[in-house]
Protein chains: 2
Amino acid sequence: MNRSFMHDFMNPASVAVVGAGNNPMKMGTMHALSILKDGFSGRFYPVHPREKTVLGHKAYASALDLPEAPDLALFVLPAAHLISVFEDFGRIGTRYAIVVTAGFKEIGPDGERLEQQLVGIARKYGMRFIGPNCMGIINRDIKLNTTVSRIVGKSGGLALISQSGTYVAQTAAFLEKRGIRLGKAVSVGNEADVNITDVLEYLGEDDNTRAIAIYIETIRDVRRFLDVASKITPRKPVIAQYIGGSEAGARAGKSHTGAMAGKNHLYDGLFAQAGIMRVFSVEDLYGIGWALATQPRIRGNRIAIITNSGGPGSAMADTLDAMGCKVPEFSTDLKEKIKPMLEPHAPCGNPVDFTFALDMPAMTETVPELVAKSGEVDGICLHGAMAAGFLRMVFPHFKDLLGGASLDEMLAASEKDLSGLGRIPAKYGIPMTVSSFFGQEDNYTKAYQENDIPVFDSPEKAARAMAALYHYARISKRKTGAPKLPAGKEAASEIISRAMKRGDAALDEHESKQVLSAYGIAVPDEILARSAEETEAAAQKIGFPVAVKACHPQILHKTEKNLVHLNVGSGREAAEAFDEIQANAGFDTPVLVSRMMPGKREFLVGTSHDPQFGHCVAFGLGGIFTEAMADITYRLAPVSHFTAKEMAQSIRAYRLLEAYRNMPACDMDLLAELIVSVSAIPVLHEEIREIDINPVIISEGRPVAVDALITLAN
Amino acid sequence: MNRSFMHDFMNPASVAVVGAGNNPMKMGTMHALSILKDGFSGRFYPVHPREKTVLGHKAYASALDLPEAPDLALFVLPAAHLISVFEDFGRIGTRYAIVVTAGFKEIGPDGERLEQQLVGIARKYGMRFIGPNCMGIINRDIKLNTTVSRIVGKSGGLALISQSGTYVAQTAAFLEKRGIRLGKAVSVGNEADVNITDVLEYLGEDDNTRAIAIYIETIRDVRRFLDVASKITPRKPVIAQYIGGSEAGARAGKSHTGAMAGKNHLYDGLFAQAGIMRVFSVEDLYGIGWALATQPRIRGNRIAIITNSGGPGSAMADTLDAMGCKVPEFSTDLKEKIKPMLEPHAPCGNPVDFTFALDMPAMTETVPELVAKSGEVDGICLHGAMAAGFLRMVFPHFKDLLGGASLDEMLAASEKDLSGLGRIPAKYGIPMTVSSFFGQEDNYTKAYQENDIPVFDSPEKAARAMAALYHYARISKRKTGAPKLPAGKEAASEIISRAMKRGDAALDEHESKQVLSAYGIAVPDEILARSAEETEAAAQKIGFPVAVKACHPQILHKTEKNLVHLNVGSGREAAEAFDEIQANAGFDTPVLVSRMMPGKREFLVGTSHDPQFGHCVAFGLGGIFTEAMADITYRLAPVSHFTAKEMAQSIRAYRLLEAYRNMPACDMDLLAELIVSVSAIPVLHEEIREIDINPVIISEGRPVAVDALITLAN
């Protein structure tokens with residue numbers, strides 16, 4: 001496998017900065033200071049038109065004066081001055097660049113033109129660049145930080161890709177308090193060249209990255225993103241926050257990185273298809289990301305709760321339960337072992353409740369160890385380990401009673417070696433998440449953080465992170481398979497080209513179903529009839545009851561216009577239906593005489609086309625519930641059998657597909673095959689714009705396409 | 001109005017503590033220290049069998065030795081020793097007590113007996129008490145704190161009622177960091193006497209309490225709770241976290257306060273009925289509670305976003321949009337006023353994006369003022385005000401450039417008077433929520449907190465809190481009205497007593513519908529038939545198509561047993577249906593011949609009975625979707641017309657009730673009346689256990705009870 005170019009991009013041995021000076025209030029200087037002060041040991045070259053030295057380093061008037069072509073160049077100078085300097089670096093052979101400068105695509109057509117100039121220069125010299133309008137990169141492995149914030153300390157297994165510079169650069173204090181360390185982070189800005197997918201591909205390969213978090217306002221190469229992400233998620237968790245689904249969010253997003261906002265339901269589908277876990281807040285992006293990056297893969301969904309208080313224990317239990325985990329009651333054996341460590345009547349059966357007893361060794365060592373060893377659970381959530389934080393809080397109450405001891409003396413006296421606090425996960429392969437109402441002012445919070453056990457500020461979050469570990473464990477076991485396109489069917493091509501030649505915007509229902517049928521999709525027996533007599537004969541042939549429906553490529557909403565007769569019980573009624581349809585349509589139209597399919601469960605299967613996502617396949621609740629319930633899921637077309645099944649299983653109304661009331665279970669393989677086939681059709685026939693099959697009726701357990709409309713890009 | 005006894009309970013002039021000594025590691029001492037050290041200026045009496053003085057105060061060997069009957073007595077001694085001491089206080093005339101001690105109902109029958117003894121003594125002497133198994137009370141108005149944590153500082157408008165002592169006592173550090181101050185808090189423990197509702201009633205009356213938060217594991221007097229809460233919520237917001245819906249949550253909850261866990265969907269309904277806002281984490285209980293307690297009532301849902309970065313601005317916009325708020329684009333006029341304050345191409349149309357510009361006066365004063373004055377929005381969300389926090393973070397980068405100035409000197413030099421930061425809400429009646437990635441290490445975070453502007457640690461939370469203000473504004477406008485019970489109908493009573501006398505567990509379908517009909521509920525034309533001939537005649541009389549259904553009080557699942565024939569089109573078919581039903585039933589049964597009601601939209605209306613909640617009325621999606629979609633909402637019966645309408649509007653499938661596809665809108669008044677009537681029936685007829693009307697079909701816009709089953713408590 002070729003190593004991604006991003007590996008070299010993220011690991012330069014030398015960095016030049018253009019736009020840094022000796023004025024600490026200038027942005028360029030702030031970026032340069034991060035490179036200089038946060039531990040990067042590579043060579044540093046300031047480029048400045050006038051200064052002799054910048055921040056104590058010899059400055060160069062131009063790229064052309066540099067003693068070498070630096071591996072990476074960082075640009076923080078006004079857009080108007082940028083182009084020629086940028087080209088200088090191309091000329092000397094610098095291969096990687098970061099353009100921090102804003103004022104490009106995000107400001108409109110003028111900026112867009114400037115951005116294209118950058119792209120042109122980069123192409124010409126074979127440079128790759130991040131930005132413009134970004135904060136650059138963090139690679140803690142080599143202590144390189146190009147952002148304006150100070151980011152120091154050892155590396156971490158979480159990597160971040162962000163279309164907002166803020167989430168890379170302005171959250172350093174937020175993350176430090178939570179013990180979260182981004183090993184690598186890339187603020188991609190406008191993505192004129194390097195985009196999210198490029199960085200994702202690299203982080204997928206990077207051994208030091210154990211989980212990847214992405215902040216997304218738009219994805220510019222959806223197909224490649226899906227392909228790259230799908231290869232990573234079985235091995236490495238990827239979580240994403242997508243913003244831009246709302247009108248105002250789109251307006252905000254558009255202005256700030258020049259992104260075109262996509263659509264919420266399509267992103268939902270893309271993430272599901274790629275095995276990406278979606279979150280809805282930046283706090284979860286970091287916090288759940290950190291749990292994924294630090295904890296061992298969970299083996300199952302049985303979770304132990306250890307708490308110093310009932311409320312947080314109950315909250316953890318409820319949250320775990322709501323998110324698909326179990327809090328199993330412990331065996332009698334295990335309970336007997338735990339019981340002696342608790343107050344006489346305290347619950348020991350899971351949750352284990354230490355009540356307000358402050359026996360920290362029992363709570364944080366003995367009991368977790370017993371529980372981990374028992375084999376009865378797959379993960380541990382712990383709330384309420386505390387010492388110094390509580391002491392600090394109540395010290396003013398006690399100081400008179402302590403013979404003049406100071407808080408520091410008290411803290412020193414009660415200090416303990418907590419270096420072993422984090423050993424359960426590594427020793428037993430059992431993940432652990434912790435919550436505490438104390439921050440780093442408490443030695444337990446601090447020790448857990450230092451040992452890479454995620455500590456959350458409330459119990460529900462620790463529980464949700466644990467549930468996310470379980471969610472990822474299921475993702476890691478997916479065998480999605482590649483979509484297999486069937487051979488294109490001549491019969492379908494002929495029908496479509498006939499309609500194209502007629503100039504119609506759609507196939508009529510009969511034609512639409514013939515196309516579906518050519519791809520093996522079950523449709524009811526049906527006959528096209530052009531007179532009352534033909535209608536009666538067709539009905540007799542099919543057998544009663546039948547449906548009689550107008551069938552004409554220019555009639556798209558049959559029901560609303562009273563052009564559909566269902567449950568027609570006799571030949572005479574069928575003939576009458578033909579006549580009525582002619583009258584209601586206002587012009588002569590053939591009718592389709594179809595067998596009525598028994599079955600009450602109605603779904604929809606279809607494809608839509610989006611300029612950004614291309615063809616997408618949809619599955620959901622159909623019939624009259626389509627709009628009211630909006631229970632529809634999407635994937636990029638074509639889909640594999642596995643993905644089609646996942647679609648069917650992911651709707652809220654999934655239970656309708658199981659054996660339900662008097663109805664047999666739907667044959668899920670048949671349904672998946674139907675979705676697979678539908679998803680392939682617009683890919684095989686590029687004249688097709690959209691497909692709408694509604695209802696697909698589950699008839700005796702088998703899905704049948706009862707009504708269908710195929711529209712054309714005509 | 002009589003003032004709640006809880007007012008006096010919360011405002012004692014003298015407090016006795018039993019169980020405090022001079023050993024600071026004893027729980028009793030810790031409780032006493034909080035009373036002594038946190039500012040309470042009332043009289044303090046330690047009661048101790050041996051010590052002469054406790055914590056510097058003269059100690060008394062027994063209650064009987066005290067110089068006065070203290071207003072309040074706090075007990076922190078082992079359960080076994082408690083009873084006689086407790087009685088002593090009753091004897092001397094102390095009216096209020098807090099029993100911190102655990103080991104009562106929560107440990108089983110022995111504890112339950114002990115708890116009943118306490119209750120007996122309290123009743124005998126007219127004492128009211130909180131607990132046992134609790135942390136007691138906080139009343140910051142008089143600086144009284146009986147918990148084990150140190151809780152100091154000025155009072156606040158948020159009050160908490162909690163069934164978990166932890167949320168009153170162990171979150172002091174958590175709350176302080178967030179600038180949240182509980183003005184009053186009560187840890188109710190086992191609620192042997194004083195319960196949530198008692199405290200709620202008091203807090204509803206208390207002028208210093210502007211919002212009430214409740215942590216709930218069970219409610220012991222659901223009806224009174226509904227009554228009390230319903231009276232408060234139009235004037236004062238109440239939010240609640242309910243835990244215990246899950247099996248493990250119930251196990252946890254039960255063990256720690258002796259609570260019987262209730263049911264999630266019933267609590268959902270209770271909260272909706274009472275106008276209580278439900279949250280799902282303790283962080284929201286506090287954080288959203290604090291926004292409700294501090295901000296003026298919002299007038300509408302138009303929100304301005306002011307940010308220093310696009311990502312957080314977009315996240316706020318998306319979150320607001322998803323929760324029912326708008327982020328309207330500003331007028332050209334307003335944009336022109338804001339534009340000069342921003343970087344040349346920065347968005348100014350809402351969100352207003354200051355990008356990374358650090359012009360704090362513009363961001364935190366000028367622009368918010370312009371926006372508030374404009375009349376174009378009803379609330380402001382602001383992200384990214386910062387100074388000291390950022391300076392602290394980057395100071396190590398700069399210190400060499402600053403001629404040896406220390407961080408403190410730098411901070412002092414950049415210090416500003418931020419006392420005016422919080423003025424927008426009070427001045428313009430426009431609420432404001434803020435988010436920052438910096439905590440109190442930043443002077444802006446601190447100043448906002450001090451001025452009672454809620455500061456959240458991520459943008460989504462600030463947006464959610466704003467949306468909650470809007471949610472509450474709608475609640476405050478509800479005119480729920482009281483349920484009006486109709487007069488009991490003799491016809492219904494007769495049908496029911498006949499079935500009771502037969503010893504049946506249910507009415508048959510015909511009887512059930514006659515009962516409904518007696519209360520004005522529309523049912524289809526129908527005739528009971530006992531032979532094939534009668535069936536044919538009935539069908540002819542009603543007109544085709546008809547339904548023919550077995551009608552027998554012992555046949556509860558007709559469809560599953562093939563005892564229902566729908567769309568019967570002729571007299572002959574009707575007679576055949578009668579015969580087939582006899583064969584399938586295996587015994588002779590009458591049949592009900594009913595007119596087929598046209599209409600595809602099927603709902604359910606019914607009542608259920610729960611030992612804790614009593615009769616509850618249900619409305620939801622019916623027909624085959626009932627279980628699959630589980631889109632059902634509950635309220636305590638009987639309900640008012642207003643509440644019935646709210647039920648109908650609160651299901652996910654609400655759109656089905658509007659004009660939809662070719663179908664007319666459902667007459668919502670008729671539907672509400674139907675729900676009102678159903679909710680009254682089990683209240684009027686106590687022999688009724690449950691009512692199940694499924695489907696209620698919306699036929700030409702009017703709801704008709706097409707199938708019904710009334711079960712009896714027989």
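**Chatting through salt bridges and the A–B interface**

User: Hi! Before we dig in, what kind of model is this?

Analyst: Hello! This is a predicted model, so keep that in mind for everything below.

User: Nice. What does K263(A) pair with?

Analyst: K263(A) makes a salt bridge with D610(A), and their closest N and O atoms are 2.5 Å apart. This pair links distant parts of the chain, 347 residues apart: K263(A) is in the loop between α9 (247-257) and α10 (264-274) of chain A, while D610(A) belongs to strand β24 (residues 601-610).

User: And D610(A), buried or exposed?

Analyst: D610(A) is buried, at 6% relative accessibility.

User: What about R502(A), which residue does its side chain meet in a salt bridge?

Analyst: That would be D504(A), at 2.5 Å, N to O. R502(A) is partly exposed at 38%, whereas D504(A) is buried at 7%.

User: Switching topic: how many salt bridges are there between chain A and chain B?

Analyst: There are 10 between chain A and chain B. One of them joins R661(A) to E627(B), with the closest N and O atoms 3.2 Å apart. In another, the side chains of E441(A) and K177(B) meet at 3.1 Å.

User: Where do E441(A) and K177(B) sit?

Analyst: E441(A) lies in the loop between β18 (432-435) and α18 (443-450) of chain A, and K177(B) is in helix α6 (residues 172-177) of chain B. E441(A) is partly exposed at 22% relative accessibility, and K177(B) is partly exposed at 34%.

User: Which residues are linked in a network of salt bridges?

Analyst: The network takes in R178(A), E283(A), D457(A) and K461(A), along with R178(B), E283(B), D457(B) and K461(B).

User: Now the interface itself. How much area do chain A and chain B bury between them?

Analyst: About 8,300 Å², with 61% of it on carbon and sulfur atoms. Q170(A), H397(A) and F437(A) supply 10% of the area that chain A buries against chain B, more than any other three residues. As for residues, the contact takes 103 from chain A and 102 from chain B.

User: And polar contacts, how many residue pairs across the interface?

Analyst: There are 31 residue pairs in polar contact across it, counting pairs with both residues at pLDDT 80 or more. On the side of chain A that touches chain B, helix α12 (residues 310-322) gives the largest share, nine residues. The residues of that side divide into 46 nonpolar, 31 polar and 26 charged.

Methods: Residues are numbered from 1 along each chain as its sequence is written. Chains are lettered from A and ligands numbered from 1 in the order in which they are written. This is a predicted model: local features need pLDDT of at least 70, side-chain atom pairs count only at pLDDT 80 or more; totals for chains, interfaces and linings use all residues. Side-chain values use heavy atoms; hydrogens and water are left out. A salt bridge is a side-chain nitrogen of Lys or Arg within 4 Å of a carboxyl oxygen of Asp or Glu. Helices (H or I, at least four residues) and strands (E, at least two) are DSSP runs, numbered from the N terminus. Buried means under 20% relative accessible area, exposed over 50%, partly exposed in between (1.4 Å probe, protein chains only). Contact means heavy atoms within 4.5 Å. Buried area is the accessible area (1.4 Å probe) that two parts lose on being put together, summed over both. A polar contact is a pair of N or O atoms within 3.5 Å; within protein, one must be able to donate a hydrogen and the other to accept it, and residues adjacent in sequence count only if both atoms are side-chain atoms. Ala, Val, Leu, Ile, Met, Phe, Trp, Tyr, Cys and Pro count as nonpolar, Asp, Glu, Lys and Arg as charged, and the others, Gly among them, as polar.
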